[in-house]
Amino acid sequence: TTAIHRDLKEELGATVEILCKLGVVDDYYNVIRRHNRNHYYLCKVVSWGRQHLTEDEKHYFRLTIVKTNYTDALRSYEEGRNTKIGRLIANREIPVLREAKRILDSIQESAD
């Protein structure tokens, strides 16, 4: 969990509380013989600060912060399905997004 706190602080400027682990998703890129393992956590932002991005992250990867809601994020992933990379991303991210919403809804129901 130390890496999560560090990476979110550096890349987003966010201090977070980890609520739970959502799961692990593996991606296989057969053409370039690459395997990625993605670990997903549901976090609550405690505070926002300054990003500390490397030059590559700023200029090559163009990392930016996008604050959105569940409906708009889901719609964005669905709209991206018309390309190969968009399908790969949607197939990876939508189930995780839905699981996060399910957990947050159950927390909200418990609070009511």
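The crossing of helix 3 and helix 4 is left-handed, a term used when the near helix is turned anticlockwise from the far one by less than a right angle. Helices here are DSSP runs of H or I with at least four residues, strands are E runs of at least two, and both are numbered from the N terminus. The model is predicted, so local features need pLDDT of at least 70 and side-chain atom pairs pLDDT 80 or more, while totals for chains, interfaces and linings use all residues. Residues are numbered from 1 along each chain as its sequence is written, and side-chain values use heavy atoms, without hydrogens or water.

Helix 3 makes the contact (heavy atoms within 4.5 Å) through Tyr-70, Ala-73, Leu-74, Tyr-77 and Glu-78. Helix 4 contributes residues including Ile-89, Glu-93 and Leu-97. By class, the contact has eight nonpolar, no polar and four charged residues.

The largest pocket holds about 2,000 Å³ of space. A pocket is an open set of points on a 1 Å grid where a 1.4 Å probe fits, with protein on both sides within 12 Å along at least five of seven lines; lining residues have an atom within 4 Å of a point. Of its 44 lining residues, Leu-12, Tyr-41, Val-66, Tyr-77 and Glu-93 are the closest to the centre. Helix 4 gives the largest share of the lining, 12 residues.

Notes: Ala, Val, Leu, Ile, Met, Phe, Trp, Tyr, Cys and Pro count as nonpolar, Asp, Glu, Lys and Arg as charged, and the others, Gly among them, as polar. Grid points are joined across faces, edges and corners, and a volume is the space filled by probe spheres set on the points.
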